[in-house]
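I opened this entry to look up a few things in one structure.

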Amino acid sequence: MTTGKVWMVAALIGAAVITVPFIIEAPRQREARQIALGQSVYASNCAQCHGKQLQGQPDWQTPLANGRLPAPPHDASGHTWHHSDEVIFNVTRNGLKPYAGESYESDMPAFTGTLKDDEIRAVVEFIKSTWPERERDYQQQMTLQQGN
Ligand code: HEC
């Protein structure tokens, strides 16, 4: 290799050393921004029922006097992490009727019209970001298999 070539290679390596961290960091920053958006969407639209700490309503498995179910937790003690991304997104966007039938009575609102799809995706990512590794891994499998 001539001295000129050596310098060229050195310059290319130098450029890569400087550029690669930016390329790796950009998606992480996008993810952090999305989760921050999801957290604020959650606080204004979901926390009043599902709890500030995602803890759900008390005795969430026991139907209320009107026969409807209380809001379940979205933390690891609930069952949200049993569902794929798609199901969590769809339930939030369209409510439970598409899954449970037109006559199903529920306090879970459909957020289509209230929230943009990006905001719903962000709130799903925020909820996921609060789970321990085991629940995250399980839910990732469900998402890959497009399960319920
Ligand atoms: C007015 C109260 C209320 C608000 C506000 C509310 N929910 Fe719900 N949600 C419920 C109730 C009640 C259920 C259980 C309904 C049932 O099973 O009949 C539920 C169920 C769900 C489920 C399915 C159950 C599960 O654990 O997988 C998801 C997902 C969900 N809500 C997400 C959200 C998100 C995200 C928001 C905010 C954008 C939100 N909800 C806002 C009351 C609410």
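**Core**

I looked up the largest nonpolar core and found 13 residues, with Tyr 42, Val 123, Val 124, Phe 126 and Ile 127 having the most contacts inside it. A nonpolar core here is a set of buried Ala, Val, Leu, Ile, Met, Phe, Trp, Tyr and Cys residues joined through C-beta atoms within 7 Å. Buried means that 20 or more other C-beta atoms lie within 10 Å of the residue's own; with 12 or fewer it is exposed, and in between it is partly exposed, the C-beta atoms being placed from the backbone.

I noted that the model is predicted: local features need pLDDT of at least 70 and side-chain atom pairs count only at pLDDT 80 or more, while totals for chains, interfaces and linings use all residues. I number residues from 1 along each chain as its sequence is written.

I then asked which elements supply this core: α1 (3-45), α3 and α5 (117-129) each give at least two residues. Helix α5 gives the most, with six residues. Helices are DSSP runs of H or I with at least four residues, strands are runs of E with at least two, and both are numbered from the N terminus.

**Val 123**

I picked Val 123, which lies in helix α5. Val 123 counts as buried because it has 27 C-beta neighbours inside 10 Å. Leaving aside neighbours within four places in sequence, I found Val 123 in contact (C-beta atoms, placed from the backbone, within 7 Å) with Gly 38, Val 41, Tyr 42, Cys 46 and Thr 92. On the same terms, Tyr 42 is in contact with Ala 47, Val 123 and Phe 126.

**Whole chain**

I looked up the secondary structure and got six helices and zero strands. The radius of gyration is 22 Å, well over the 15 Å that the globule rule gives for 148 residues, so the chain is more spread out than a compact globule. That radius is taken over C-alpha atoms, and the rule is 2.2 Å times the number of residues to the power 0.38. I also noted a C-alpha box of roughly 85 × 30 × 25 Å along the principal axes. Of the 148 residues, 17% count as buried.

**Ligand**

Last, I listed what surrounds the ligand: 23 residues, the closest being Cys 46, Cys 49, Thr 80, Ser 106 and Met 108. A residue belongs here if its C-beta atom, placed from the backbone, lies within 6 Å of the molecule. The elements giving two or more residues to this shell are α2 (47-50) and α3 (85-94).

Note on methods. Contact = placed C-beta atoms within 7 Å.
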